[in-house]
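Please read them with the coordinates open.

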Amino acid sequence: MSTVKSQIPQRIPLPRGQLLIDGRWRDAADGETRPTLDPTTEAPVTEVAQATAQDVNDAVAAARRAFEEGPWSRFHHEQRAKILFRVADLLDERAEEFALREAMDMGMPYRDFIDIIMPHCSGLFRFFGGLAMNAMDGGYRGSYEANLRILTRREPLGVVAAITPFNFPLALTCSKIAPALAAGNTVIHKPASDTPLSALALAQVMLDAGAPKGVYNLITGSGGVVGDLLVKHPEVDKIAFTGSTGVGQTIVRLGADTLKHTTMELGGKSPNIVFADANLEAAIQAAFWGIFWNKGEVCVAGSRLLVERPIYAEVVERLAAMAASATVGDPLDPNTMIGPIASRAEYEKVLGYIEVGQRSSARLVAGGGTRRLDGKGLFIEPTVFADASNDLKIAREEIFGPVLPVIAFDTEEDALRIANDTPYGLAAGIQTGDLGRALRLADRIKAGTVWLNTWHKYHPNAPFGGYKMSGFGREQGAEALQSYSQYKTVWANVG
């Protein structure tokens, strides 16, 4: 695993971002661009093309041609795998470039990207490259009449549009692109409007890895223009989306007329349950990083902390002290623990929730304010509210920022009731020294991921997705490949 250099990386000018359509970089049809801003300095990093309807249609047409006429869908699995493995190698080779882009684009600490995010991203391409070499094969289902044979095969869906969010721009793109390409689909990537910089670099990686023209297309622009057109387009076969539940619902509705395949990885309000018999030091670390990693802009953040009453006061006190001493600052500084909020709109939204919390019955014990560097930056202090209840707005709605309500409970059943009392079901955590209790509760909590005595553990082999309003379908794991392919049954009369 790579490590961060001791010196602070320097911000550098980046070239203007273009669209990648049919293997060629080009400007938007009308030449329109939009600046992307560094949340630390609040200054523009570069200008990025804003795709038009014509650009969307061109990208879809290129992807369709590449699927129907090009070699990708007909490549032997090993040919596709070879390119995916090359993508993985190039990602690792260019890790510092990607880390710099994500730090300047959305405030991801450079150190975290190098040590955590990039190994996961390159690992996704290696995992699905390997999986493609055997998992896409069909089989012989036997003979049920003397002259009949039944054969099955798995085929790609066609054109996949990946619509990705601002909070983990590269990771949540790779989790869609890797299985989509491994299955033999062609792809159009639409990144979040506020954070397109790693998407531009990934598109270049695809070209350099040898992806045939039209197999991978990048169109940047607004969700209201680019996203909606992709969702409605009759030549797009699948939408893979990560984002808010509200936008996910809209995508499902808009895609219904063309019966789009969809994978929805949506919002969360994940409970983290700490019992009195837990290893308290480890549990508090899990609680702290569960919510404050990546400044709380994490769909599976442990954004509701449930603490058994005998240890409640101690946990609150220690968490408040950790929050007060956390280093908030420039994501390019290796000492920074918590960077800036990704955009001005998100910054204002999170501050609004903090104001709501301060007017509620909960008690502010840490944070609640903002920070500045040289008079600039979208920094919010890690914030803890004690004496919260599960009916408060800050405990029910996804804040998507460094804000933690802490709720007391008395019994195991009480904790389970509170944990499941949410429209979401993306993740949950249980911190306890009783393995039987941990497994018992893991069975009963309605969430797609449950962490026992830890938090924020991921692997390309582990399926990831939600229950309830947190979406449907799975990313990662062999299960993801299923959602990018379809079965064909062939009946053969051999008499």
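1. G329 is buried, at a relative accessible area of 5%; buried means under 20%, exposed over 50% and partly exposed in between, with a 1.4 Å probe and protein chains only. This residue lies in the loop between α10 (309-325) and α11 (344-359). Helices here are DSSP runs of H or I of at least four residues, numbered from the N terminus.

2. The model is predicted: local features need pLDDT of at least 70 and side-chain atom pairs count only at pLDDT 80 or more, whereas totals for chains, interfaces and linings use all residues. Residues are numbered from 1 along each chain as its sequence is written, and side-chain values use heavy atoms, with hydrogens and water left out.

3. What does G329 touch, leaving aside its neighbours within four places in sequence? The contacts (heavy atoms within 4.5 Å) are T336, I338, G339, P340, L373 and F379. I418 is 89 residues from G329 along the chain, and their C-alpha atoms are separated by 34 Å.

4. The largest nonpolar core contains 109 residues, and L91, F98, F125, F128, M206 and L305 have the most contacts inside it. Such a core is a set of buried Ala, Val, Leu, Ile, Met, Phe, Trp, Tyr and Cys residues joined through side-chain atoms within 4.5 Å. Helix α4 (residues 110-135) supplies the largest share of this core, 12 residues. A second, separate core has 31 residues, including I418 and V350.

5. Beyond four places in sequence, F98 is in contact with L91, F113, M118, L170, S198, A201, L202 and V205.

6. Helices α3 (residues 95-106) and α6 (residues 197-209) have axes that come within 8 Å and cross at roughly 155°. Axes are lines fitted to C-alpha atoms, for helices over the stretch in contact, and angles run from 0 to 180 degrees between N-to-C directions. The pair is therefore roughly antiparallel; that term applies over 145 degrees, with under 35 roughly parallel, 65 to 115 roughly perpendicular and the rest oblique. On the α3 side the contact involves E97, F98, R101, E102 and D105, and on the α6 side L197, S198, L200, A201, L202 and V205.

7. The axes of α7 (residues 223-232) and α8 (residues 245-255) also come within 8 Å, crossing at roughly 40°. That makes α7 oblique to α8. D228, V231 and K232 of α7 meet I251, L254 and G255 of α8.

Terms used: Helix = DSSP H or I, 4+ residues; strand = E, 2+ residues; numbered from the N terminus.
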